[in-house]
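This report describes selected strands, aromatic contacts and a surface patch. Please consult the sequence and the structure shown below.

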Amino acid sequence: MNARLEQIFAKHIFCQKKFLLCLLCCLVAAAQPLRADSTIDSLLAVQLEQLETGNQAGLTQTHLALGEAYRDIARYDSAYFFFKQSLAGAGNDAPEYRFRALLELGRLESYPRNQPLRAIAYLKQAETYSGDWYKSEDKTALYYELGNAFLTAHSYEQAMSYHLQGARMAEDTRDTAMWSSSLWSLGSVYWEIKQYGNSLAYYRKANELRKARPGPYFTTLSSIAIAHLSLNNLDSALFYTRLARQDANFFGEPYGEPYCLGLLGNIKMEMGMYQEAIDSLEASVKLCEQLGYARDAMSYRIDLGKAYGLNKDYVKAIAALDLAEAEAIKMDHLSLLRSNYEVRSQVYAWKGDSSMAFVYLKKHYQIQDSLMGEDVMSELASLERGFEIDKREETIQEQAAQIEASRRLLYVYGFASGIVFLLVILYMAYVRNKTLRQVNQLLEAKNAEIRRQNDRLASSNEDLRQFAHVTSHDLREPLRNISSFASLLARRYKDQLDSVAGEYLFFITDGAKRMDRLLNDLLTYSVIGVFDHEYTQVDISRTISDVIRRFQQNKALHGAKIRMHKLPVIRANATQMEQLFTQIIDNALKFRSVESPEIDVRATEQDDGYVFSVQDNGIGMDKAYQDKIFALFLRLHNQQSAYEGSGIGLSIVKKIVEQHEGRIWIESEPGKGTTVFFFLPKDPPYDPTPTHIRDRWQWLQPAIPAALEEEKRQ
């Protein structure tokens, strides 16, 4: 009787378990309504039947199939549930199902659940399985997912190790899809550690492999765009972003639109088009949040904060960065937290709050040091070298085997002479390939050196320009004091000073004035192209008329005749054109002969531009100095001559012409006057300084523009 009751009770408990499991499955299905999908419906029907019959082995397989079906339609919570059920139902006698369930759970924990440590736990457990059912493609997929999980967890050496192993296995088995994915992931590892050149190389290799099979190609195209953006190749980045967006729209990739909008926002931001960047990034963040891409929404919100900061909307910038920081801390995402602190430091610097900028810059470097220590970089390089050495050894072994097989074949047929021919061909191919590799390595090294030199040159030019501004502005204040007090001494004590003291005071005053004029000209020379860089349609006749009017107001013409002959309207910088003709006409008036000055201004149109000439009847110069006259501070007359000047005027003219991609030269003879020729293109290139660089300049030296205006008034 008791045994019978136990059987009834056990059957009752089993029925309750089946009922609860069915109810839980129905709740999962109801929580995420599915579109009409015959595959999922049929699998759910099979599941119910197996629950009723108690077919545990079939139920494990069905749960695995249901998880894969829900994963394919991006219903990740439902997929996760059924993979857990499959893992729970698979015993030790079903290692294949346990392996596949662990692999899929690790993949979902890595993305989209963003739990890399839990993903690594599942995948490392799957790594322990082996057997007749365990195929090479299973191992390749496992290594790929482990590499991605370690990359998300910021363990870059582990990520590179697994991706290198996966790439090697995929290459051996000719699995193009997995080979391409592994190379792409290697590019992502290099991008995370900011080695963007290596990242771009791997992304390109992955894209070439992916082209061998049908699309989509959105992943590799967008990654190439990101690498170009990181290398500041903005045109290439924009080109690949558009290709990726077209590909995503063609293949119906839902992630494509928000991702490409975020990329476009970053590219526009680097181009200085801040409002367009803000619009693209706001749309990207909104779409990512709607589609459930929390990590990407956080990343683009950081970029949005930077765009707000560059647009001087610091309240919105800090608000966006605060929200992104809270999300990054919640998700324990160190890479995004590092980027957040870097951008926040920049925003506070632009705002003028240097103390807060330093605080967040320090936080940024603390996280960066923890992610990219010297030991990590050394380990990554060692892993890649080991992988390349293994590949070379395998290649050498394969080549040796092929040579041995060829020899045997030739011995069989008795063609001994063919062996010599084959060896010669192989040797020539080896020498040729070796030479090509050496040449390519040399070219790559030279290109890298050129890039480094260009970076150093750009930095040096920026420092020199800032030094010229600061020096010319700060040195003029003590010069004014020297000149003012020397004048006061001369006026107040003129009756008490002898002729020698008066002469000394005159030398002091005259030297201070000449030094002030020299610094003013130096300041004018150094700011060319920094504050005025917009091109408009400039009427040269009107420009010269304004210059003449100013000379008349200053009474500097002294009976000079200035004639203009049919001058054109050109596309140029108006302020710089006024400076150019002012300097040239001022030189013609200054270096006059005994006769009244006569100046003729002409222009000759050519296919690609205009040749201007300014001819005077002044004192002229020797041919020996015509190639040197544009040098900075060069004067053909000493300081005590009748011709005043600092030696910078023609240097300013030359710099303005070259700013417009033109060229300038002089023809002159002593006593017969001078003609200044310069060529200006019809469509000069327009490459404006980005606003954030210009703002940084003005923040460092806010008094420079005011000083220039004061000098113009004086």
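Strand 6 and strand 7 form a hairpin with three residues between them, and Gly671 in the turn has a positive phi of about 80°. Strands here are DSSP runs (E, at least two residues) and helices are runs of H or I with at least four residues, numbered from the N terminus. The structure is a predicted model, in which local features need pLDDT of at least 70 and side-chain atom pairs count only at pLDDT 80 or more, while totals for chains, interfaces and linings use all residues. Residues are numbered from 1 along each chain as its sequence is written, and side-chain values use heavy atoms, with hydrogens and water left out.

Strand 6 (residues 663–669) runs antiparallel to strand 7, and seven bridges join them; two strands pair if DSSP finds at least two bridges between them. In this pairing, Trp665 stands opposite Phe677 of strand 7. Strand 5 is likewise joined to strand 7 by seven bridges in an antiparallel arrangement, with Val611 opposite Phe679.

Nine of the nine residues of strand 7 are buried, where buried means under 20% relative accessible area, exposed over 50% and partly exposed in between (1.4 Å probe, protein chains only). Gly673, Thr675, Phe677, Phe679 and Pro681 point one way from this strand, and Thr674, Val676, Phe678 and Leu680 point the other way.

The model contains 16 aromatic pairs. Rings of Phe, Tyr and Trp (its six-membered ring) pair if their centres lie within 6.5 Å; planes under 30 degrees apart count as stacked, over 60 as edge-to-face and the rest as tilted. Two of these pairs are listed below.

| Pair | Type | Centre to centre | Angle between planes |
|---|---|---|---|
| Tyr341 and Tyr360 | tilted | 5.7 Å | 40° |
| Phe612 and Phe678 | stacked | 5.3 Å | 15° |

Tyr341 in helix 17 (residues 334–351) and Tyr360 in helix 18 (residues 354–371) are 19 residues apart. Phe612 lies in strand 5 (residues 609–616) and Phe678 in strand 7 (residues 673–681), so their pair ties together parts that are 66 residues apart in sequence. Phe612 is buried at 1% relative accessibility, and Phe678 is buried at 0%. Phe581, Tyr610, Phe612 and Phe678 form one aromatic cluster.

The charged end of Lys682 sits over the ring of Tyr610, 5.7 Å from its centre. This description requires NZ of Lys or CZ of Arg within 6 Å of the ring centre and within 35 degrees of the ring normal.
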